[in-house]
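Please read them with the structure open beside you.

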Amino acid sequence: MNTMRQAIEAHQAGRLDEAEAGYRRALQMKAGQPDALHFLGVLRHQRGDSDDGARLIRMALRAVPGHAEAHNNLGNIQKESGHLAEAEACYRRALACVPHHLDALGNLAIVLEAQQRPTEALRFYEELLQQAPRLGRAHMLMGLFKSSHLDVMEDLADAVECFREAWHCDQTDTRALQELGVSLYVLGRREEALDVYRDWLSREPNHPVPRHMLASCGGGTMPARADDAYVREVFDGFADSFDEQLLNNLDYRAPQVLIEHLGGMLGPPAARLDVLDAGCGTGLCAPLVRPYARRLHGVDLSGKMIDKARSRGGYDALEVAELGQFLGSGSGCWDLVLSADTLIYFGDLHEVVQATHASLRPGGILAFTLEVLEGDDDRVELHPSGRYQHSRRHVLQALEAAGFGEVRMAAHPLRKELGRPVSGWVVLARRGN
């Protein structure tokens, strides 16, 4: 059908308005057309209406119950909506239709792992590799699994080989190189890690990621903050799998911990605050902070992350912008500026904290998380992960210099990385009246 073909081409090219109009025309021409219902359901989910997306795909499945791809896509909607048991059931139905459906195999493994069933998950990761030994994603997922479930350091050595093979199979997946470099460094194989980044940089001299990661391993001068191009490249490339990887890392709790600490300072939610989610990513903070917000605005440097946050919903406005510039554009606009795992891409905090102070109303609150750098002196270090770590004294001095008072600062594990807890700072500070 010409109308369907054109709609699918528009969908694949990201022209969502044109694609939606095409699918709806196809349904006008033939009510209940399963492919139109299926693809329109995927599109509606992409546009932030997951309930409507799921409803449309279920309609398609009533017409064609053996449609494995539709079962898989319905599972994706459930997974991204946090309904893991429902997602698992969808992926199992897809595999009942097509036993070696590669996407469903990988997705089922992911949701099993997210439900803390690693033994079952491993079986499906292994089956995916057996069915598709030349599929880069299969090796990447196995590497991430092994690096997240470290019983012995040999598991990390196995992960290294998975990341190497993922890159060998798919040389568009530069995240495999980044994971490879970090894993090598953790294993104490620093020169091999540096070689990964140097080789990458030799092939792509202007690529911001190997340049930043080379510096993070001591192969270059530490930048004052992560370059905009680095942040944009990493998170644009990570956007499609960001929540998926957080599902794999069940101990990631930065948004929840930050809101829990904030509760003691804000009091009961009353939907009366103008709130900025600074570095909002895919919008994980939105449902947690929304009860406090009269207006909730999200800003992020990654356009693709903003697209995901828009799909998740919960914001009154979303904007693609560099955080420092955005904060500097408005004075006294916010009652609360919330920043979960964003300032870990800033080195010296003085400038961004000063800009945030200016953006808050009198009595307004800044709440953020960082990674802990042990020691009593004023220090910032760039970790081999590519993120900055900050000492307590550096944080307190930056807040004091900006004019903040009533500072509360506590250490709390916010995530695990390579099977180990990452200690973080949870910091709250109030602007004076």
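1. Helix α18 (residues 303-312) lies across β2 (293-300) and β3, and the axis of α18 runs at about 170° to that of β3. Axes here are lines fitted to C-alpha atoms, for helices over the stretch in contact, with angles running from 0 to 180 degrees between N-to-C directions; contact means heavy atoms within 4.5 Å. Helices (H or I, at least four residues) and strands (E, at least two) are DSSP runs, numbered from the N terminus.

2. Before going further, please note that this is a predicted model, in which local features need pLDDT of at least 70 and side-chain atom pairs count only at pLDDT 80 or more, while totals for chains, interfaces and linings use all residues. Residues are numbered from 1 along each chain as its sequence is written, and side-chain values use heavy atoms, with hydrogens and water left out.

3. The strands β2 and β3 belong to an open sheet of seven strands with mixed pairing, in the order β3-β2-β1-β4-β5-β9-β8; two strands pair if DSSP finds at least two bridges between them. At the edges are β3 (317-320) and β8 (404-417), each of which pairs on one side only. On average, and with direction ignored, neighbouring strands of this sheet are turned by 15° against each other.

4. Two pairings within the sheet can be followed residue by residue. Strand β9 (residues 420-431) is joined to β8 by 11 bridges and the two run antiparallel, with G405 standing opposite R430 in β9. Strand β4 (residues 334-339), by contrast, runs parallel to β5 and is joined to it by five bridges, and here L336 stands opposite I365 in β5. Strand β5 (residues 360-371) is largely enclosed by the rest of the structure, because 10 of its 12 residues are buried; buried means under 20% relative accessible area, exposed over 50%, and partly exposed in between (1.4 Å probe, protein chains only).

5. Is T356 buried or exposed? T356, found in helix α20 (residues 350-359), is buried, with a relative accessible area of 4%. Leaving aside its neighbours within four places in sequence, T356 is in contact with L327, V337 and L366. G328, which lies in helix α19 (residues 323-328), counts as exposed at 61% relative accessibility.

6. Helix α2 (residues 16-29) has 14 residues, which at 1.5 Å a residue should span 20 Å, and its end C-alpha atoms are 20 Å apart, which agrees; the expected span is 1.5 Å times one less than the number of residues. Its buried residues are A19, E20, G22, Y23, A26 and L27. They cover an arc of only 160° around the axis, which puts them on the same side of α2, the arc being that of the directions from the helix axis to the C-beta atoms. An α-helix has 3.6 residues a turn, so residues three or four places apart point the same way. On the other side of α2, D17, Q28 and M29 are exposed, whereas the cover over its buried residues includes α1 (2-12) and α3 (34-46).

7. Helix α4 (residues 50-63) also has 14 residues, and its end C-alpha atoms are 20 Å apart, in agreement with the 20 Å that it should span. The residues S50, D52, G53, A54, L56, I57, A60 and L61 of α4 are buried, and what covers them includes α3 and α5 (68-80).

8. Q116, in the loop between α7 (102-114) and α8 (118-131), has a phi near 60°, a positive value in a residue other than glycine, and is exposed, with a relative accessible area of 63%. A271 has a phi near 50°, again positive in a residue other than glycine; its place is in the loop between α16 (254-266) and β1 (273-278), and at 42% relative accessibility A271 counts as partly exposed.

9. As for the protein as a whole, its secondary structure comes to 21 helices and nine strands. Buried residues make up 53% of the 433 residues, and residues 24 or more positions apart account for 58% of the contacts with a separation of 6 or more. The C-alpha atoms fill a box of roughly 65 × 50 × 40 Å, taken along the principal axes.
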